[in-house]
Amino acid sequence: MSHTHTKSTNIHWHQGAFSRDERWKALSAKGATLWFTGLSASGKSTIASALEQTLINAGLNSYRLDGDNIRFGLNKNLGFSAEDRAENIRRIGEVAKLFADSGCIALTSFISPYRKDRDLCRELHEKDKAGAIPFLEVYCDTPIDICEQRDPKGLYKKARAGELKGFTGIDDPYEAPQNPELVLKPATMSVDDCVRACLDLLRAKGVISG
Ligand code: ADP
């Protein structure tokens with residue numbers, strides 16, 4: 001049985017005392033999800049961490065959901081088969097949406113190689129029954145040879161040696177976004193440049209001001 005099958009019955013959505021607008025207004029906050037996608041070592045975690053620091057220092061609530069960290073906890077029961085990868089991303093999409101709904105700027109850094117899985121997360125946000133929540137796809141477009149040179153976790157080396165099967169970019173595909181809200185080029189842009197571009201996007205979408 002697929003992970004996404006709804007097993008629960010007799011469940012009802014509890015509305016709570018606040019609408020999302022009331023909550024965001026009371027907290028002077030606006031939520032959104034910035035969805036970083038790209039090859040391993042393309043810079044997702046580095047840029048998301050620097051952005052999180054900048055937002056927090058400016059007094060804005062932001063929280064990073066990071067690939068490996070989530071696999072230590074929430075998704076510890078998932079592997080790297082196509083079905084498990086899809087379920088990994090679906091759960092992250094749902095969690096990011098809850099963070100964003102609470103008024104937080106959620107930053108997700110997952111390879112998320114399959115377009116279909118990312119599109120599902122976009123749909124979760126944009127078709128929410130209480131109204132659309134901004135879902136901003138940020139493509140870290142770093143050529144694979146640069147990723148492989150950087151290889152901070154030694155994963156490309158392992159994949160090339162045949163010790164790691166189904167590695168994105170080597171023997172598993174990466175499907176680049178067709179219409180991302182932002183394309184970063186971390187091979188030629190500094191981390192600061194990338195953070196500035198993300199802040200500009202958040203301003204342009206009305207998530208942050210100033
Ligand atoms: P990912 O999260 O996509 O797997 P990481 O952020 O973990 O990637 O690794 C990217 C590596 O590239 C890090 O070692 C980082 O220091 C390095 N790096 C060098 N220049 C940049 C840049 N402009 N943006 C992001 N990372 C960079």
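## The sheet

Two strands pair if DSSP finds at least two bridges between them. In this predicted model, five strands form an open sheet in the order β2-β3-β1-β4-β5, with parallel pairing. The edge strands are β2 (62–66) and β5 (182–184). Each of these pairs on one side only. Neighbouring strands are turned by 20° against each other on average, direction ignored.

Strand β1 spans residues 32–37 and strand β3 spans residues 105–109. They pair in the parallel sense over 5 bridges.

Helix α8 covers residues 191–204. It lies across β1, β3, β4 and β5. Against β5, α8 runs at about 175°.

## α4 against α5

Helix α4 (residues 82–101) meets helix α5 (residues 115–126). Their axes come within 9 Å and cross at roughly 25°. Angles under 35 degrees count as roughly parallel, and α4 and α5 are therefore roughly parallel to each other. The crossing of α4 past α5 is right-handed.

From α4, the contact uses Arg85, Ala86, Ile89, Arg90, Gly93, Glu94, Ala96 and Lys97. From α5 come Asp117, Leu120, Cys121, Leu124 and His125. By class, this contact has 6 nonpolar, 2 polar and 5 charged residues.

## α2 against α8

Helix α2 (residues 44–57) packs with α8 at an angle of about 60°. The two axes are 9 Å apart. That angle makes α2 oblique to α8. Here too the handedness can be stated: α2 passes α8 in a right-handed crossing.

On the α2 side, the contact residues are Thr46, Ile47, Ala50, Leu51, Thr54 and Leu55. They meet Val191, Cys194, Val195, Cys198, Leu199 and Leu202 of α8. The class count is 10 nonpolar and 2 polar, with no charged residues.

## An aromatic link

The structure holds 5 aromatic pairs. One of them joins tyrosine 63 and phenylalanine 99. This pair is stacked, at 5.0 Å centre to centre with 15° between the planes.

The pair links distant parts of the chain. Tyrosine 63 sits in strand β2 and phenylalanine 99 in helix α4, 36 residues apart.

Note on methods: Residues numbered from 1 in each chain as written. Predicted model: local features only at pLDDT ≥ 70, side-chain atom pairs only at ≥ 80, totals over all residues. Heavy atoms only, no water. Axes fitted to C-alpha atoms, helices over the stretch in contact; angles between N-to-C directions. Helix = DSSP H or I, 4+ residues; strand = E, 2+ residues; numbered from the N terminus. Parallel < 35°, antiparallel > 145°, perpendicular 65-115°, else oblique. Left-handed = near helix turned anticlockwise from the far one by under 90°. Contact = heavy atoms within 4.5 Å. Nonpolar A, V, L, I, M, F, W, Y, C, P; charged D, E, K, R; others polar. Phe/Tyr/Trp six-rings, centres within 6.5 Å; stacked < 30°, edge-to-face > 60°.
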